[in-house]
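Hello,

Here is the structure you asked to look at. Please open it beside this email, and then read the notes below.

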Amino acid sequence: VQLQASGGGLVQAGGSLRLSCAASGLTFRYVGFGWFRQAPGKEREFVASISWSGSMTYYTDSVKGRFTISRDNAENTVYLQMSSLKPEDTAVYYCATGEASSTNHRLYGHWGQGTQVTVSS
């Protein structure tokens, strides 16, 4: 299984970015995915997740209304649309496979390499 995260970058506060996670080596349409982030010196934290069917999505409170997770089963890709970005969103963002209802990163199996998001004030 390989997960390739991309789309990170440097953006000003209030700006937007769309992260992508391209998956291979698995039956994509039967797998749930999560996005996590980790800032320097901090624990890895849950950001958002989506069920295998796409019918259920979950968000941490700090990103609700600003971030949207989605998936394209035809492209084997999961997206995280991030808007109204804040400096506190700065972190390395990772995608992972797992049970979408879980926010515990230890319960997610396969991980991508991460993509850096930096939000300047």
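Strand 9 (residues 91-98) and strand 11 run antiparallel and are joined by three bridges. Within this pairing, Y93 stands opposite T115 of strand 11. Strand 11 also has strand 2 (residues 9-12) as a partner: these two run parallel, with four bridges between them. There, Q12 has S120 as its bridge partner. Please keep in mind that this is a predicted model.

The side chains of strand 11 (residues 115-120) alternate.

Next, the charged pairs. The structure holds four salt bridges. In one of them, the side chains of R37 and D89 meet at 2.9 Å, N to O. This pair links distant parts of the chain, since R37 is in strand 4 (residues 33-38) and D89 is in the loop between strand 8 (77-82) and strand 9, 52 residues apart. D89 also meets R66 in a salt bridge, at 2.7 Å, N to O. R66 lies in the loop between strand 6 (57-59) and strand 7 (67-72), 23 residues apart from D89. Salt bridges with shared partners join R37, E45, R66 and D89 into one network.

Are R37 and D89 buried or exposed? Buried means under 20% relative accessible area. R37 has 4%, so R37 is buried; D89 has 1%, so D89 is buried too.

K64 and D61 form another salt bridge, with their closest N and O atoms 3.0 Å apart. Here K64 is partly exposed at 49%, and D61 is exposed at 60%.

Regards

How values were computed: Residues are numbered from 1 along each chain as its sequence is written. This is a predicted model: local features need pLDDT of at least 70, side-chain atom pairs count only at pLDDT 80 or more; totals for chains, interfaces and linings use all residues. Side-chain values use heavy atoms; hydrogens and water are left out. Buried means under 20% relative accessible area, exposed over 50%, partly exposed in between (1.4 Å probe, protein chains only). Two strands pair if DSSP finds at least two bridges between them.
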